[in-house]
Amino acid sequence: MATDLPQIDKDGNGIQFFGDATVNFIRDIEGQGNVFLLEAECTLDRQSQLSPVAGQFYMIKGSRSGVTFGRPISVYHAERKGLQLKVQFMILEKGDGTREMRRLLPGDKLSINGPLGNTFGEFLDPADCAKSRTPKTAIIGGGIGVAPVANFASSLEEESYDFYASFKSGSYGLENVKASNLIITTDDGSVGIHGMLSAALTAQSIKEKGYTQVFACGPTPMLAYVQSACAQAGVKCYLSLEKKMLCGVGACLGCTISTKEGNRRVCKDGPIFPGDILEFPKPAPRAKITPIAPEEVDLSVTIKGVEFKNPVIAASGTFGFAQNYRGFFDVEKLGGVSSKGLTLEPKPGNNGERIIEITGGDINSIGLENPGVPHFIENELAQMLKLNTVTMANLAGHSLESYVKGAELLDKTDVPMIELNISCPNVKAGGMAWGMDPECAFECVSAVRKATSKPLMVKLSPNAPDLVGVALSCIKAGADALSLINTIQAVAIDIEKGRPYFDNIKAGMCGPAVKPIALRMVYDVCKAVKALPAEEQVPVVGLGGISRWQDAVEFIMAGAEAIQVGSATFANPTAMVEIIEGLRTFMASHGYRKLSDFRGIAL
């Protein structure tokens, strides 16, 4: 295992670099829709700092970034003159971090940390890497894995190795490769040999060519093939692996893999490992996917007889009474809209500061400011009902009597559904929210259930110690559906004043940062509901941090019938429309004709 001793020079200074580099250029690779070359330059702090060696990587991210952690990217090419270091990275765009990098401009800053990891040279036998008509070294790159091995190849004597490059289509990254033999394979036959690596390299050909050492980087299936072929040929191989990382220096243990010699960290003990110690898991069989046309996708949802054209609902408290965002997009594209939270009497809301932005969302203390149920019925409701989308009235209250009275008034209207917010303080319970305790929740929902015959969706608080217990109590009390989660209780401190930021001290946190927590709670409740007898099961609507269609898919796979989108609309007014279209495209590409085809498959 690699040492964890800090890398320092004779004066005790760190010899790795962490800081900003300036982007010189970003260039798309011709013929490759998602591969680009990024060159950045930085001034090192001291002469003793390391220069990158073939096989190493940096943790990098754009300085203007929405992601928290750098991405491990191997060095494709590097040049150093004194304290000036110029590094090139060949990058595959496949997630938020790399997508941000691709959109950087010359002069933008790139945060870099490194060089990190071991090198190909540590495993190289120089005696088997001399210029020869029959090279004994084979270097293999697959897809974007060509970048680090091409860098390695460029550090060797020309024509002292054979180089194999496998691509889906076309070829790239081979400009600095001066191999004795360059063999290219492509899945589509556009360049070189038609087929995968196995069409050009086998255990038999490894023996016949007399290779004594093989170096490879590429997708896991390719590396597993190289490992197997080399083992059959009795030849040593050294494989460079890719794994998601947080730190890149061996501290977080997030990139640990299992080997024949115990756990190893890809960032610190690798990324290059002797092939004979690696244990590649057998790939799980994948179901055959038959895509369908987008127009064949049915996004409709029915909850207690109420038909929604799609599962995307604007969450209460984030969309007013469906009028605020009509200038940005057609609100009628939504499946539904839940009104601003309503209390029986008008409420002015909380005093003092009401919102603060935090990493990944916001904390808010609005205080249910609203015009009251009677005013809503006489004014706002009519405008909501004119829209060709489902209107839901979100009902809140501080006493049982106010809940019941509000429900009775709404029951006399044409509103299709009531969403009952039981996160409000229960006066009789000393201010504890009705939804914090199964017995209190049962009492509140039972009372409202008797006051209205309309479909009743109950919105749950994530702060309940026994959320599943509360959910089951609500079902027992007559809830037709459940929605969760409401905001998570949080605190912010004004460090200049040395006191809580909000007058009420505690407030509600929401935004993308809460999504994994919300998803876990929705998952738990859906699993508990699924365990009930079929006649007792009710739909669950998931919300909390949903900002992308991928989030919506996760919630539906966790069992949600539909989803609600809240604060994402503040940052991106068209977020919900994008989610609807993203859902449709995802379903079509995976052959899902209706939501029930994949709802709950993760349970």
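The legends below describe close-up views of a predicted model.

**Figure 1. Overview of the predicted protein model.** The protein has 603 residues, of which 52% are buried. Its secondary structure consists of 12 helices and 34 strands. Taken along the principal axes, the C-alpha atoms fill a box of roughly 90 × 55 × 45 Å. Among contacts between residues at least 6 apart in sequence, 66% join residues at least 24 apart.

**Figure 2. Surroundings of valine 458.** Leaving out residues up to four places away in sequence, valine 458 touches Leu420, Ile422, Val445, Cys474, Ala479, Ala481, Leu482 and Ser483.

**Figure 3. Packing of helix H6 on helix H7.** The axes of H6 (residues 400-411) and H7 (residues 438-451) come within 8 Å of each other and cross at roughly 30°. Angles under 35 degrees count as roughly parallel, and H6 and H7 are therefore roughly parallel to each other. Their crossing is right-handed. On the H6 side the contact involves Leu400, Tyr403, Val404, Ala407, Glu408 and Asp411. These residues meet Glu443, Cys444, Ala447, Val448 and Ala451 in H7. By class, the contact of H6 with H7 has eight nonpolar and three charged residues, and no polar ones.

Figure 4. The buried residues are Leu467, Gly469, Val470, Ala471, Ser473, Cys474, Ile475 and Ala477. They pack against H7, strand E27 (456-459), strand E28 (481-484) and H9. Glycine 478 follows H8 and has a positive phi, near 115°.

**Figure 5. Alanine 477 in helix H8.** The relative accessible area of alanine 477 is 7%. Buried means under 20% relative accessible area, and alanine 477 is therefore buried. Not counting residues up to four places away in sequence, alanine 477 touches Phe442, Val445, Ser446 and Arg449. Between the C-alpha atoms of alanine 477 and leucine 241 there are 54 Å in space, and the two residues are 236 residues apart in sequence.

**Figure 6. Packing of helix H8 on helix H9.** H8 (residues 467-477) and H9 (residues 515-530) pack at an angle of about 45°, with their axes 10 Å apart. That angle makes H8 oblique to H9. The crossing of the two helices is right-handed. H8 contributes Leu467, Val468, Ala471, Leu472 and Ile475 to the contact, and H9 contributes Met521, Asp524, Val525, Ala528 and Val529. By class, the contact of H8 with H9 has nine nonpolar residues, no polar residues and one charged residue.

**Figure 7. Packing of helix H9 on helix H10.** The axes of H9 and H10 (residues 549-557) lie 9 Å apart, and the helices pack at an angle of about 20°. At this angle H9 is roughly parallel to H10. H9 passes H10 in a right-handed crossing. Lys515, Ala518, Leu519 and Val522 of H9 make the contact with Asp551, Glu554 and Phe555 of H10. By class, the contact of H9 with H10 has four nonpolar, no polar and three charged residues.

**Figure 8. Glutamate 242 in a loop between two strands.** The loop that holds glutamate 242 lies between strand E13 (236-240) and strand E14 (256-259). Glutamate 242 has 56% relative accessibility and so counts as exposed. Its C-alpha atom is separated by 7.4 Å from that of valine 266, a residue 24 residues apart from glutamate 242 along the chain.

Notes:
Residues numbered from 1 in each chain as written. Predicted model: local features only at pLDDT ≥ 70, side-chain atom pairs only at ≥ 80, totals over all residues. Heavy atoms only, no water. Axes fitted to C-alpha atoms, helices over the stretch in contact; angles between N-to-C directions. Helix = DSSP H or I, 4+ residues; strand = E, 2+ residues; numbered from the N terminus. Parallel < 35°, antiparallel > 145°, perpendicular 65-115°, else oblique. Left-handed = near helix turned anticlockwise from the far one by under 90°. Contact = heavy atoms within 4.5 Å. Nonpolar A, V, L, I, M, F, W, Y, C, P; charged D, E, K, R; others polar. Buried < 20%, exposed > 50% of the residue type's maximum accessible area, 1.4 Å probe, protein only.
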